[in-house]
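Biologist: Please take a close look at the disulfide in this model: which residues form it, and what does the link tie together? I would also like to see it set against the chain as a whole.

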Amino acid sequence: MLAASAATACLAVTPHALAQDLQTPQATIGAPDAPVPTSDEQIGFSADALEYDSNTEIVTASGNVQLLRQGNRLRADTVVWNRTTGQVEARGNVSATDPEGNIAYGDRFQVTDTLKDGTVENMLLVLQSGGRLAAVQGVRVNGVYTLHKAAYTGCSVEDSDGCPKEPTWQIKAVKVVYDPVAARVRYRNASVEIFGLPLIPLPGFSHPVGGTGGTGLLVPNLRYDRNNGIEVALPYYIKLAPNRDLTITPHIYSKTLPMLEANFRHRWDRGAYQITGYATHARRIDASSSLPTATGPVGSERDFRGYLDASGAMQLTPEWSVNGSLRVASDRTFLRRYDISRDDRLRSTLGAQRIGENSYFSIAGWAVQTLRLGDSQGQTPIALPVIDYRLRLLDPLLGGRIQLQANSLAITRTHGEDTQRAFAAFEWNLRKLTGMGQEVNFTTYLRGDVYHSSDNDLNSIARYAGDPGWQARGIAAAAIDVRWPFMGEAFGGVQRIAPRVQIVAAPKLANLSVPNEDARAIDLEDSNLFALNRFAGYDRFEDSTRITYGLEYSLSLPGFSLESVVGQSYRLNNRESILPDGTGLSDRMSDIVGRTTVRFRDFVSLIHRFRLDKDGLAVRRNEIDATVGSRKTYAMVGYLRLNRNAAPGLEDLQDREELRFGGRVQFARFWSVFGSTVVNLTDRKEDPLSASDGYEPVRHRLGVAYEDDCLTLGLTWRRDYLAAGDARKGNSFQLRLAFRNIGI
């Protein structure tokens with residue numbers, strides 16, 4: 001009954017004739033393979049029956065015929081071999097396999113007795129590297145196939161039920177030449193059909209087959225935006241070697257001068273690197289003065305504009321490696337103007353690392369180019385060198401682990417504070433399990449710092465400047481962390497409840513006498529609630545004796561999991577804290593922080609983070625990230641509100657409110673619509689410096705896409721609401737077309 005249903009479904013399908021030609025014929029030959037000949041002059045042969053006419057020198061083989069010579073294999077129902085002329089004619093379920101593994105099918109084959117050259121009627125050529133060619137007639141000479149009135153596709157020509165179907169795309173041509181050695185297909189008078197419609201003419205087109213790639217044009221990119229008008233990008237790929245290639249892409253615009261893009265890639269046994277560059281000579285508008293006039297925008301001038309992006313890594317030995325990256329732009333709005341990147345800072349780095357079994361060593365340098373319109377490049381740091389060494393040891397006396405660390409950092413600014421720092425640290429950790437099931441962790445931390453700074457008065461935030469000249473600081477801290485997990489069956493699953501208490505003791509430190517370069521972004525959250533030092537970097541260390549307490553909870557059911565943590569800390573000493581207002585840690589009693597994670601199969605994922613004010617339980621942080629749906633149809637929602645009540649003047653502590661939404665709906669097997677939006681909900685009550693009125697869209701995106709096993713097609717609309725200099729706000733449209741199984 002199932003077989004009958006499947007047959008009925010296939011009979012209901014009436015594919016295009018070419019789709020039928022591209023179908024692989026049913027294999028009817030089940031005889032054993034012909035014996036392999038001992039020399040190229042011999043032919044391996046097998047058949048059910050054999051007739052030989054000695055007068056005409058004609059051999060007729062019938063029934064599961066197989067011939068094998070010089071790696072070429074011929075199969076057929078009937079084969080007639082004229083020994084005088086050397087011609088071989090095969091009829092009925094004919095297939096010929098060449099040494100490269102390509103299989104040719106046809107109604108009737110006429111080949112020479114070498115089985116290498118010949119002619120095929122109604123030919124189907126299934127390539128070993130992927131794809132197939134169908135033709136009215138095909139000729140093979142010296143291993144090269146020439147097909148007349150032919151078509152090529154890399155798509156499947158059968159559906160999931162094995163029934164014939166029209167390929168998503170195919171290339172039709174008057175003449176097609178396929179060279180298996182060069183792994184390339186060449187066309188004459190060709191055109192591409194998508195969904196059966198001839199759309200793109202391709203005069204003189206060629207492409208590689210398989211995954212090796214080859215020199216030639218790639219699929220063009222079409223888009224429109226308000227800044228540049230209509231854009232046509234036509235990439236040209238150059239295969240320099242199996243491990244090196246170059247792609248040159250001219251970008252042609254209707255509203256501005258063209259731009260040239262180049263990408264070079266090189267890979268070898270020890271590493272790889274890539275270099276990408278953009279260059280144009282176009283009008284640049286000063287971000288601070290872009291009002292239009294009769295002769296053009298104020299502050300605009302034609303100048304070189306470009307961007308360089310290079311990165312690479314190399315493994316010198318099993319332990320030693322080097323890596324680096326370079327990112328630099330000609331001006332602050334170039335990347336946004338040409339929609340290359342939305343980054344507001346470009347970081348360049350160069351470093352070397354040694355990773356041993358119990359040691360780590362790194363030396364690196366960093367440079368940053370700011371693209372923020374209000375930032376001063378002179379205040380942007382250059383970190384060179386950054387040196388870090390760590391060694392792990394086993395404690396032979398008390399047990400546990402010891403980590404030794406040495407660190408050095410030098411920060412230079414062209415118009416700002418310069419800082420040099422070095423320290424050596426000792427950390428001891430011991431983990432024990434008691435007889436009642438408590439997990440106890442002991443930690444001891446000792447560190448000595450030496451700082452030198454100059455031009456401290458150029459630091460815009462006095463709290464971060466420190467004292468000029470040489471400064472020294474000693475750090476000591478000890479901690480005991482106790483967790484007591486209780487586990488048991490509940491609600492048909494496993495439930496775990498784990499109270500946790502931590503005590504940290506540290507004396508008063510000379511924190512404000514040294515500069516603060518790497519510990520500015522401090523905010524109490526669930527990830528650092530039980531940290532020894534809740535500052536992110538090394539320049540500040542939390543000098544307080546405190547107790548931190550919390551509760552961890554988890555529930556695991558079939559297909560469902562729930563994890564939650566909540567906690568708070570209390571500072572035992574009453575000395576003034578170095579932690580600023582708004583961090584949740586400035587008073588003796590901290591705010592309450594927590595996180596909840598809920599997952600239901602692969603359908604629902606919800607993460608909620610919060611921070612509640614210790615006094616009135618006001619919500620200081622409310623962050624939700626939720627995903628609902630399958631891989632094909634889903635919705636994602638993100639919401640963030642920071643109401644930290646921080647004092648003005650400290651960076652990274654401004655209040656913000658933002659809504660993010662994205663989703664995808666698959667309305668057919670291969671068709672889907674997708675979209676996303678970002679909305680700034682911040683108002684002046686939350687941030688006095690904000691220009692938003694409480695609802696300011698940042699970016700909208702909406703599109704439709706088709707994607708199957710051999711074609712990706714999409715149209716996307718995007719609207720940007722933020723302008724920066726000559727990167728104006730407005731609409732953009734992009735058409736994306738990518739053919740799969742066509743070489744690259």
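Modeller: A residue is called buried when its relative accessible area is under 20%, exposed when it is over 50%, and partly exposed in between, with a 1.4 Å probe and protein chains only. By that rule C155 is buried, with a relative accessible area of 6%, and C710 is buried as well, at 0% relative accessibility. This is a predicted model, in which local features need pLDDT of at least 70 and side-chain atom pairs count only at pLDDT 80 or more, while totals for chains, interfaces and linings use all residues. Residues are numbered from 1 along each chain as its sequence is written, and side-chain values use heavy atoms, with hydrogens and water left out.

The structure holds one disulfide, a term that stands for a pair of cysteine sulfur atoms within 2.5 Å. C155 and C710 form this link, with their sulfur atoms 1.9 Å apart, and with 95° about the S-S bond the link is right-handed. C155 lies in the loop between β9 (144–153) and β10 (169–179), whereas C710 lies in the loop between β42 (696–707) and β43 (711–720), so the pair ties together parts that are 555 residues apart in sequence. The helices and strands are DSSP runs numbered from the N terminus, helices being H or I of at least four residues and strands E of at least two.

Counting a contact as heavy atoms within 4.5 Å, residues 24 or more positions apart account for 48% of the contacts with a separation of 6 or more. The C-alpha atoms fill a box of roughly 120 × 85 × 50 Å, taken along the principal axes.

F195, in the loop between β11 (184–194) and β12 (197–202), has a positive phi of about 55° although it is not a glycine, and at 38% relative accessibility F195 counts as partly exposed. D339, in the loop between α3 (334–337) and β25 (345–355), has a phi near 55°, again a positive value in a residue other than glycine, and D339 is partly exposed at 25% relative accessibility. Finally, the peptide bond from L384 to P385 is cis, with omega near -5°, and P385 lies in strand β27 (residues 382–394). Most residues other than glycine have a negative phi, and most peptide bonds are trans.
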